[in-house]
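Subject: A structure for you to explore

Hi there,

Here is the structure I promised to pass on. Have a look at it first, and then read on for what turned up in it.

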Amino acid sequence: MFGMVDLIISIVFAVCALIALLWGMNKGRKYRMVLSISRIIVVVVSTVLAVLASRLTATLLGKLFSTIIMDMIQSNSSTRELWLLLESVPSAKAVICALIAMIIAPLLFFAFFLAIKVALNRTTALIGRGLMKLGKTVSVAVFEEDEIDANMKKRHRRYREFKSPKKFDPVGALCGAICGFVVFFVIVIPAICPFGPINNIVQAATGLAKDEPAMQAVSEVSDALANNFATKTVRALGGDLIYDGLTTQKINGEKTNLRNETEFVGAIGKAISAASDKELDAKARAEEIKAIPEALDDTAIIPVLASEVLSAASDSWSQGKDFNGMEAPSVGKELDPVVQDLMGIMKDSDPEKFKSDVKTVVNVVAIMVEEDALSAMDGDDGALALFENEALVSGIMLELLSSERLSPMVASFTNLGIGVFADTLEIPDNSEVMYELFTNRMFAAVTSDTNGLDPKEELAYYSEQIADVYDDYGIRLSAGVADCIAAAMINDTAGMGKNGFKAYMAKGVSSELGYSALEISSTGSADPLAVIKAIDEQTSANTSKEALAATVKTELGRVMRCSDAQLTEIAESVAEKLYADLSADKLTYKNASVANASDLATKSIRITSDKLNVTMGNITDKEKESKALANVFASAIAIVDDVAESGDAIEGVIVSFGPLLDAFADCQMIGDDSTAELLTAILQSDKVRSNIGFSLIQATDMAGTVNNSAKTDGTYVALMKSLGSTVKVIRLTSEKEDTSEAVTELMKDITPASAEALKQLATPETVKNYGVPEESADKVSNMFSDMFGNMADAKESGMSDEEYAKESAAVSDMMSIAMTAGNSSDSNVFGEDSATGVTATEYLDRATESTVISNTLVNTVYGESEEAAEDPLALGIELKESEKTELVEAMDAKWKAQLESSNDEAANAEYQKVLSSVAAVVNINVSFSSSGVTLQ
């Protein structure tokens with residue numbers, strides 16, 4: 001279609017141009033060239049005057065029509081919203097006036113040109129005479145009346161002095177032809193030059209609706225009209241200059257014209273088309289997009305309108321208001337905060353700032369196109385999928401960091417990544433959310449069913465429940481303080497609904513201390529801490545136990561319903577618990593108070609995701625920072641994906657926290673302090689804590705240890721590898737799965753610093769969560785803690801792969817015994833389908849040949865004593881007779897071999913300790929002599 005339209009227009013143009021040439025040639029063939037030159041001068045002057053007249057008239061008409069249009073819009077109820085929009089844009093009327101003038105001016109030009117040319121034709125002879133006199137190269141010819149061409153019309157007789165003596169003057173004919181073409185050229189400008197702006201608008205529309213067949217047909221025709229031989233010729237010969245002169249207007253003091261304005265619109269259309277054109281390579285598509293800012297530099301209307309609309313809309317939206325009936329744009333839960341931050345920047349937009357912002361945004365889009373990132377947004381993960389590409393994110397961040405206005409968006413995007421990461425790990429959003437969770441848990445604690453319990457048992461039950469809730473939020477309550485709070489709540493919250501309970505929790509307001517929940521109120525009304533406050537006020541460090549018990553009885557009697565005998569018993573028990581607090585000056589209701597949501601965040605050691613948000617800092621190396629931020633996003637999104645795939649078992653994901661934390665620490669904008677808070681929030685998160693088996697306080701203590709170790713090592717990678725591997729080993733052991741590979745990995749990753757961190761993991765609570773009996777938990781956790789230290793020492797001394805395998809096997813055996821042997825229903829510790837899965841002989845061989853286990857067991861069994869402890873892990877293991885026999889016989893063989901190979905009494909004594917320890921762990925007591933080993 002393009003070729004056909006191009007051909008038709010080109011032929012029509014050529015024919016018309018030829019006619020103009022022949023007409024001019026015919027007029028000029030009888031005259032000297034000076035007359036044609038005079039005619040050309042008249043055409044040029046007429047053109048200039050016509051341009052000025054057209055612009056002036058169009059401007060006046062533009063003002064008139066724009067006023068009429070604005071009045072019509074204002075008075076019509078159906079266009080009320082449009083009027084409100086125009087009213088909010090100060091330059092709207094000026095822009096409408098300018099656009100009308102730009103459209104009208106070319107239409108007026110044709111009439112003005114013809115009228116002015118006709119008027120100036122009378123001056124042609126005068127100009128010609130002036131040129132001849134000025135040049136003095138041609139004398140004025142004088143003709144007799146009878147020499148004048150009889151066919152010359154009277155009105156042409158003024159040209160008689162320019163009559164050529166030749167019947168056909170070739171120079172005059174040539175000049176006449178030129179004059180004819182110039183006239184033709186000027187006349188066709190208003191008809192041909194608008195094709196360019198029209199095509200720019202059509203191309204923009206095509207970019208938005210490129211899949212519409214009708215739009216494609218219109219686009220091809222429009223493109224043919226704008227880019228055919230005729231149009232190109234007229235534009236190349238100065239048509240654009242004249243057309244620009246006709247359509248030039250001032251907007252806010254800046255000149256612009258219709259061609260420049262529409263070229264920007266066309267550039268956007270071409271960029272949209274190119275961005276989705278799979279036939280173009282990525283680089284070519286990106287180059288089309290990068291042309292947008294260049295086109296924008298020459299415009300005035302769009303920057304003025306866009307900046308004013310952006311400024312007004314952003315101001316309204318950032319205040320939570322609609323803008324002329326339009327709500328703030330929403331691009332999804334994850335990206336909406338970024339849009340909000342962008343609105344804050346856009347509130348002070350002006351044309352120059354808008355141009356600068358567009359350049360940055362366009363460069364960002366170009367980077368996305370070059371990295372083929374737009375297609376990623378169509379996936380299930382939407383916009384978040386973009387952040388997996390480090391080259392893409394690095395390029396985007398560098399562009400934003402290079403923009404003075406948009407650089408704060410780097411912090412916005414970083415906070416987006418942190419937010420998604422925090423959501424995945426179920427880190428509370430903010431202190432208000434945490435407070436909501438706190439009050440819900442407290443309500444559940446104090447409304448538990450206690451039917452059948454006597455008052456003392458009921459108090460103990462509620463006290464434990466309340467203390468657990470406080471403990472999970474990082475606030476340690478002593479048993480006595482928990483009892484007092486429980487006593488008040490038992491009475492006050494009876495029959496209370498959830499909303500009433502929340503009001504009860506928040507009702508206390510103390511002007512003196514500024515607390516607003518769980519606090520005695522200024523009005524003296526009861527609250528959860530009234531009892532402990534009253535006791536605190538009546539006692540001191542010198543109060544005797546008896547006096548304290550009397551005070552406790554009095555205050556508990558105000559809130560508890562029970563007999564005097566029961567109350568006395570309860571008071572004595574509570575006073576016993578409070579006495580240590582009283583002497584240590586810890587008996588203060590302030591220590592137990594949790595105020596409103598913000599105060600809870602202060603009193604609690606829990607980190608909420610809003611505390612992780614960063615602000616734009618002083619970046620000294622933008623390129624380095626952009627790469628660091630890209631690493632942050634890639635690491636965070638990878639973890640988000642891993643968590644989604646792993647479900648609840650995320651110990652493997654813990655390993656990937658190391659690179660993320662290092663990436664955070666490498667960012668100038670984030671830094672070490674925020675990284676430390678991030679780790680604390682990670683370990684405190686519900687998903688990670690439930691996976692590891694930590695309480696909130698344990699998680700916080702572990703975070704502190706890891707953060708301190710990371711400062712020494714300069715990296716989190718080894719620490720988090722060790723932590724993840726250890727959790728995996730403990731879980732696999734509790735599930736009686738093969739742990740050898742996981743233990744080997746742990747030993748290869750462990751460092752002295754990570755060993756210190758792992759000692760925090762080896763708590764009684766942790767091992768109990770994985771099945772270790774309560775009576776064994778303390779001793780097992782102590783053994784694990786010692787074992788981690790010995791692992792680090794052994795690794796530091798250097799080990800081969802064979803040695804790693806040997807040590808790992810022994811560690812796996814010992815962990816299996818410690819965590820599962822005590823629960824073995826058939827007391828089968830050795831052999832197939834046993835706790836260890838190895839024979840007693842294999843167990844002995846592995847343990848004695850392992851440096852880690854030998855050292856660990858000797859310390860566990862002997863400690864500071866010279867006598868081996870019986871059942872040092874309190875596992876209560878009872879080996880079968882066959883297992884005992886096999887183990888003792890194996891030990892006997894090893895002991896005899898030791899005596900035969902060594903006369904060193906100290907070495908033999910140390911080896912005896914190792915053998916005794918290996919036996920003691922499985923609750924076997926043996927004696928040694930020169931003749932062998934016997935079972936005691």
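Predicted model: local features only at pLDDT ≥ 70, side-chain atom pairs only at ≥ 80, totals over all residues.

The residues that line the largest pocket divide into 31 nonpolar, one polar and one charged. The volume of this pocket is about 1200 Å³. Its lining is made of 33 residues, and Leu-342, Val-361, Val-364, Val-365 and Phe-413 are the ones nearest the centre of the pocket. Which elements give two or more residues to this lining? They are α10 (258-275), α12 (301-318), α13 (336-346), α14 (351-370), α15 (390-401) and α16. Of these, α14 provides the largest share, with eight residues.

How many cavities of 30 Å³ or more does the structure hold? There is one. The largest cavity contains about 50 Å³ of space. Around the largest cavity you will find Thr-414, Gly-417, Ile-418, Phe-421, Val-632, Phe-633, Ala-636, Phe-664 and Leu-678. Two or more of these lining residues come from each of α16 (408-424) and α26 (622-646), and α16 gives the largest share, four residues. By class, the cavity lining has seven nonpolar residues, two polar ones and no charged ones.

Now for some helix pairs. Two packed helices are described by the angle between their axes and the distance between the axes.

Let's begin with α27 (residues 651-666) and α28 (residues 671-684), whose axes come within 8 Å and cross at roughly 155 degrees. Angles over 145 degrees count as roughly antiparallel, so α27 is roughly antiparallel to α28. Their crossing is right-handed. On the α27 side, the contact is made by Phe-657, Leu-660, Leu-661, Phe-664 and Ala-665, while α28 brings Gly-671, Asp-672, Thr-675, Leu-678, Leu-679 and Ile-682. Sorted by class, these are eight nonpolar, two polar and one charged.

The way α17 passes α18 is a right-handed crossing. In this contact, Phe-438, Arg-441, Met-442, Ala-445 and Val-446 of α17 meet Tyr-462, Gln-465, Ile-466, Asp-468, Val-469, Tyr-470 and Asp-472 of α18. The contact has eight nonpolar, one polar and three charged residues.

The last pair is α35 (residues 774-796) and α38 (residues 851-862). Their axes come within 9 Å and cross at roughly 145 degrees, and α35 passes α38 in a right-handed crossing. Here Met-783, Asp-786, Met-787, Asn-790, Met-791 and Ala-794 of α35 meet Val-852, Ile-853, Asn-855, Thr-856, Leu-857, Asn-859 and Thr-860 of α38. What classes do these residues fall into? They divide into seven nonpolar, five polar and one charged.

Enjoy exploring it!

Best wishes

Notes
Residues numbered from 1 in each chain as written. Heavy atoms only, no water. Left-handed = near helix turned anticlockwise from the far one by under 90°. Contact = heavy atoms within 4.5 Å. Nonpolar A, V, L, I, M, F, W, Y, C, P; charged D, E, K, R; others polar. 1 Å grid on protein atoms, 1.4 Å probe; cavity = no way out; pocket = protein on both sides within 12 Å on 5 of 7 lines; lining within 4 Å. Points joined across faces, edges and corners; volume = space filled by probe spheres on them. Axes fitted to C-alpha atoms, helices over the stretch in contact; angles between N-to-C directions. Parallel < 35°, antiparallel > 145°, perpendicular 65-115°, else oblique.
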